[in-house]
Amino acid sequence: MELLLAAIDNLLRWDVLVALLIGSIGGVLIGAIPGVGAAVAIAILLPATFSLEPLVGLTLLLGIYGSSMYGGSIPAILINTPGTAVNALTTYDGYPMTQRNEARRALSLAYSASFMGGVFSVICLMLLSPLLALIAPHFGSREIFLAALLGIILVVLAHRGKVFAAGMLVCFGIFLNNIGLEPMRYTKRYTFEQSWLASGVDLIVVILGLFALSQAFLLLVKKDERPEAARVSGGIFQGLKELWLYKRVATVASSFGVVMGMIPGVGEFTAQFMSYTYAQKTSKTPEQFGKGSPEGLVSSEAANNAVPAAAMIPLLALGIPGEALTAMMLSVFYVHNVIPGPQLFQNQMDFVMALYIALLLLNVMVLIFLLFSTNMILKVIRIPTRFLGVVILTLSFVGVYSLRNSMTDCIIAAVFGVFGLILKRLDLPTVPIILGMVLGNIMEVKLRSSMPRVKTPLDFIDRPIAAILFGIILIVIFMHIRSVVKEYRSTKQDEV
Amino acid sequence: MSQIKTMQQLFKRERRSGDLIFALLFLAFAIFLLANIGNQTQWVKGTKLVSQPSFWPAISLAGMTLFGILHLIGSILSPRIYGRLKEIGFWLRSLEYVSWFLAYVWLVPIIGYLLATLIFMPLLVFRAGYREKRLLLLSMIIGLTIVVVFKSFLSVKIPGGMIYEYLPDAMRSFMLINF
């Protein structure tokens, strides 16, 4: 109780509440614009938050992260274009409902399911906290190294059909982290005698290039589009009642979101896929899925909104980000010398609890905002795409240049912008690069610090958590190989 | 023959035009970096393997090369999609906007953040094909808002323009702090 009061005390400050309000409303608007998304917005805002207090900066970014998926469902339902990539599954059932003149019902259900997913996830996070506080201190260097390694493996394997590309890009990320002065002996690595490479490649510069600048270039080079969405008439409160009819689907989907969100590298897509499949298999009307099924819509939206809060678990408890957005947030922690990990749970639990409550408040704020302002948001969706590209390009400047006032940083960011554009055009993932950079750094530091106590390779896994993590790594690799072989055999059989 | 077919089935995947060029360039880059590991990293005597400065570059570059080869094989064995040159043209067209961006970066320390943004945004909006006065004006308003929010309110570190030196004292310090 004391902890809760301390957390509320932390939150009840005008700057934190304003950051939460701006983050949550801004996140909805950003999510609603196809082609922007939370990653672009967070990348741009990241350097600006460095001058804010940690709780204020993180609340702002969390607000955007947690609310963008709410906004992303609007264009997915109304114009068959997902606002953010994770709303893609929402188009399957949301848009057919719009075609049946049920846009109001679809939006209302999507908001309610998202709210359910978001709140469910935060409650799980709060309930899990004492357990996490108990387990987290048992994570030493070896365990954190193995957890980061597991994260890298999962990131690669989660990109089904693009595993090789994800593998080479994650390794590229690890390599980027190696450029510059090596942290122990200060020897140069891959600087090619260039002074500007001696300080290494900054993570924020790469993030801004890969996410913000690449998107700006892509929008500017592509043909201009002016999305049109019809107005939605009538109140949209009915979904709150209707959700009760689909409470089982919503609860299971939210649970999938929580579990998948906690596992590094897995995230929204797997959670959505699993909950959608579950909902279809257990539905009385499975034939309606993909043709405007409310259950399909609920399962997709509840699952993806449960992920953000759950994704904070590995970040806060172990300091290991599971996906790009939490990797970006990690840099905010580092800038303010707040080191996420076991110590945070032991020494600053009120700070952690304040973040949880902020997430809870965020969901309430967003729902209220959405119930009254959907038609206003439709105006934002109509912004022409090339115009949007100009705005993103201008905003990206703030992010890159304000870091060190360096023209070199801007050139590097522009190079990564073009690289990101190529990856997007080829449908190859950009996230492995960022996770490679962040997790590669963690692995290097933790492997080194764990070695003095390791005499033989088996010593590395002689502690229970390390052994469990190692076992999980082996199982994950084995399962992947098995599924590839199975898939290969079934394709062969089909051909026969 | 059946061996080749088996391999093809294992590596076949969906790909986009330009994928082969990208796979080739990426692999060449990885091999170039790997070939330079001897002169770009150091081997420290009496230090454990995992603590060697070259350990992680070696791991990452070996991974880049290995996965790069596998990706290239996949690219070669997958059905070809035509339009490679057109796609490369698309990539190259982005360079125009890179130069717009770098010109903007170059201009800011000279003419100041506010003026540079108020010139850059409508010009680029015009270049992007919009001719309506409403959109050009809107771009200027957005530009002004961006400057006020980030520089005046959030005080992000963007230096004042060189031309501010020619302003009267009171005006100069106001512009340096806010714009």
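In chain B, residues 24 or more positions apart account for 66% of the contacts with a separation of 6 or more. The model described here is predicted. Chain B has 8 helices and 0 strands. From the N terminus on, its elements run α-α-α-α-α-α-α-α. Its radius of gyration is 26 Å. The globule rule gives 16 Å for 179 residues, so chain B is more spread out than a compact globule. Along the principal axes, its C-alpha atoms fill a box of roughly 80 × 55 × 25 Å. Buried residues make up 30% of the 179 residues in this chain.

Chain B meets chain A in a contact that takes 61 residues from chain B and 56 residues from chain A. Several elements of chain B give two or more residues to this side: helix 1 (2-11), helix 2 (19-35), helix 4 (55-77), helix 5 (84-111), helix 6 (113-127) and helix 7. Helix 5 of chain B gives the most, with 12 residues. By class, the side of chain B that touches chain A has 36 nonpolar, 17 polar and 8 charged residues.

One residue of chain B illustrates contacts within and between the chains. B:Ser139 is found in helix 7, which spans residues 133-153 of chain B. B:Ser139 has 25 C-beta neighbours inside 10 Å, so it counts as buried. The cut-off for a buried residue is 20 or more. Leaving aside neighbours within four places in sequence, B:Ser139 is in contact with A:Val390 in chain A. In chain B, its contacts are B:Met121, B:Pro122 and B:Val125. B:Lys45 lies elsewhere: B:Ser139 and B:Lys45 are 94 residues apart in sequence and 60 Å apart in space, C-alpha to C-alpha.

Chain A is divided into two parts, domain 1 (2-160 + 203-411) and domain 2 (454-496). Taken over C-alpha atoms, 30 Å separate the centres of domain 1 and domain 2 of chain A. The contact between these domains takes 11 residues from domain 1 and 11 residues from domain 2. On the domain 1 side, 8 residues are nonpolar, 1 is polar and 2 are charged.

Nonpolar packing comes next. In soluble globular proteins, nonpolar side chains tend to be buried together. The largest nonpolar core in this model has 213 residues. Within this core, A:Ile42, A:Ala43, A:Val206, A:Ile207 and A:Ile434 touch the most other members. Helix 10 of chain A (residues 203-221) gives the most to the core, with 16 residues. A:Ala43 touches A:Ile207, A:Leu208, A:Phe211 and A:Ala212, and also A:Met328 and A:Gly399. Residues up to four places away in sequence are not counted in that list.

Two loop residues of chain A have backbone angles of note. Phi of A:Asn101 is near 60 degrees, a positive value in a residue other than glycine. A:Asn101 lies in the loop between helix 5 (88-99) and helix 6 (103-135) of chain A. A:Asn101 has 8 other C-beta atoms within 10 Å, and is therefore exposed. A:Glu193 is not a glycine either, and has a positive phi of about 60 degrees. The place of A:Glu193 is in the loop between strand 2 (188-189) and helix 9 (195-198) of chain A. With 8 C-beta neighbours inside 10 Å, A:Glu193 also counts as exposed. The cut-off for an exposed residue is 12 or fewer such neighbours.

Methods: Residues numbered from 1 in each chain as written. Chains lettered and ligands numbered in written order. Predicted model: local features only at pLDDT ≥ 70, side-chain atom pairs only at ≥ 80, totals over all residues. Helix = DSSP H or I, 4+ residues; strand = E, 2+ residues; numbered from the N terminus. Core = buried A, V, L, I, M, F, W, Y, C linked by C-beta atoms within 7 Å. Contact = placed C-beta atoms within 7 Å. Nonpolar A, V, L, I, M, F, W, Y, C, P; charged D, E, K, R; others polar. Domains from an automatic or database assignment. Rg over C-alpha atoms; globule rule 2.2 N^0.38 Å.
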